Amino acid sequence: MKIIISPAKQMRIDDEACSCRQPVFLQQTEKLLHVMRQMDYAQLKELWQCNDKLAQQNYERIRKMNLQQGLTPAVLAYDGLQYTHMGPRVFDLRAWQYVCDNLRILSGFYGILRADDGVVPYRLEMQAKLACDSFGDLYSFWGESLYRELTREDRVILNLASREYSKAVEPYLEKDVEFISCIFAVGNTVKYKVKATEAKMARGYMVRWCAEENITAVNEVKKFSGYGYKFCQELSNEEKYVFLKAEQQRI
């Protein structure tokens, strides 16, 4: 079973982190970097859709970026709610090995990353309209390559990624591939809603739980009960697992 998640916009550098592997699509990443280096500040700011402070920070990153130096393992590099609640920095050796084997991070810049692939801070969302190699956006640039890499060794995928990133995989699904999306909602079987912030936290906690429990069969995921969520058989099916918690509960 492979677990897919989204990256975070915020990133950090960890000089004391363990050794890193090389991302599988590093050559394609170098192409994207080359294209962005040909763009001026105004063009990059429009591409990134961010404020001046962030645009200036990432503009400087682009100018100085070296994809072979100053690397941080991907799962430690991203700094957002999902990753905070995953807590990879306090994994024991067994949990760390689990995420290295089973977790995959989808990325607009790197394509697909293993937990211990070495990355540098960058800003490039999958939905960004960056043209490269005659392709008009990143979805077409990456094409089915992310899906092929993801299913090269495993035909079962647990989807914990946002829609923006799962869209890079879903169009290529084959009949023999199990693709199960997890939905974390608040309410009851009659009326429920997904709260983005709480869902991000729950996704991270589920990855942590899978790593600690060494979950290898997708059906075992139904046992998850973190943060008050419980698997809801009534709302679930073979393609989606819905986890509900009562409205009054809070993370």
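Predicted model: local features only at pLDDT ≥ 70, side-chain atom pairs only at ≥ 80, totals over all residues.
## Salt bridges

Glu144, Arg148, Arg155, Glu174 and Asp176 are joined to one another in a network of salt bridges. Across the whole structure, a search finds 18 salt bridges. Three further pairs are described here.

Lysine 2 forms a salt bridge with aspartate 154, and the closest N and O atoms of the two are 3.9 Å apart. Because lysine 2 lies in strand 1 and aspartate 154 in the loop between helix 8 (145–150) and strand 6 (156–159), the pair ties together parts that are 152 residues apart in sequence. Lysine 2 has a relative accessible area of 8% and is therefore buried. Aspartate 154, at 14% relative accessibility, also counts as buried, since the cut-off for a buried residue is under 20%.

Arginine 63 and glutamate 60 make another salt bridge, with 3.2 Å between the closest N and O atoms. These two residues are three apart in helix 3 (residues 52–64), so about one helical turn separates them. Arginine 63 is exposed, its relative accessible area being 53%, while glutamate 60 counts as partly exposed at 25% relative accessibility.

In a further pair, the side chains of arginine 114 and aspartate 117 meet in a salt bridge at 2.9 Å, N to O. Both arginine 114 and aspartate 117 are buried.

## The cavity

How many cavities of 30 Å³ or more are counted? The count comes to one cavity of that size. The largest cavity holds about 70 Å³ of space.

The lining of the largest cavity consists of Lys2, Val24, Arg104, Ile112, Leu113, Arg114, Asp117, Glu149 and Leu150. Strand 4 and helix 8 are the elements that give two or more residues to this lining, and strand 4 supplies the largest share, three residues. By class, the lining has four nonpolar, no polar and five charged residues.

Helix 6 covers residues 93–102, and its buried residues are Ala95, Trp96, Tyr98, Val99, Cys100 and Asn102. What lies over these buried residues? The cover includes strand 1 (2–5), strand 2 (72–73), helix 4 (74–77), strand 3 (103–107), strand 4 (111–114) and helix 10.

Asparagine 102 belongs to helix 6. With a relative accessibility of 13%, asparagine 102 counts as buried. When its neighbours within four places in sequence are left aside, asparagine 102 is in contact with Met1, Lys2 and Ile3.

## Helix 10

Helix 10, which is part of the cover of helix 6, runs through residues 196–213 and has 18 residues. From its first C-alpha to its last, helix 10 reaches 25 Å, close to the 26 Å expected at 1.5 Å a residue.

The buried residues of helix 10 are Glu198, Ala199, Met201, Ala202, Arg203, Gly204, Met206, Val207, Arg208, Trp209, Cys210 and Ala211. Just after the helix, asparagine 214 takes a positive phi of about 55 degrees.

Conventions: Residues numbered from 1 in each chain as written. Heavy atoms only, no water. Helix = DSSP H or I, 4+ residues; strand = E, 2+ residues; numbered from the N terminus. Expected span 1.5 Å × (residues − 1). Buried < 20%, exposed > 50% of the residue type's maximum accessible area, 1.4 Å probe, protein only. Contact = heavy atoms within 4.5 Å. Salt bridge = Lys/Arg side-chain N within 4 Å of Asp/Glu carboxyl O. 1 Å grid on protein atoms, 1.4 Å probe; cavity = no way out; pocket = protein on both sides within 12 Å on 5 of 7 lines; lining within 4 Å. Points joined across faces, edges and corners; volume = space filled by probe spheres on them. Nonpolar A, V, L, I, M, F, W, Y, C, P; charged D, E, K, R; others polar.
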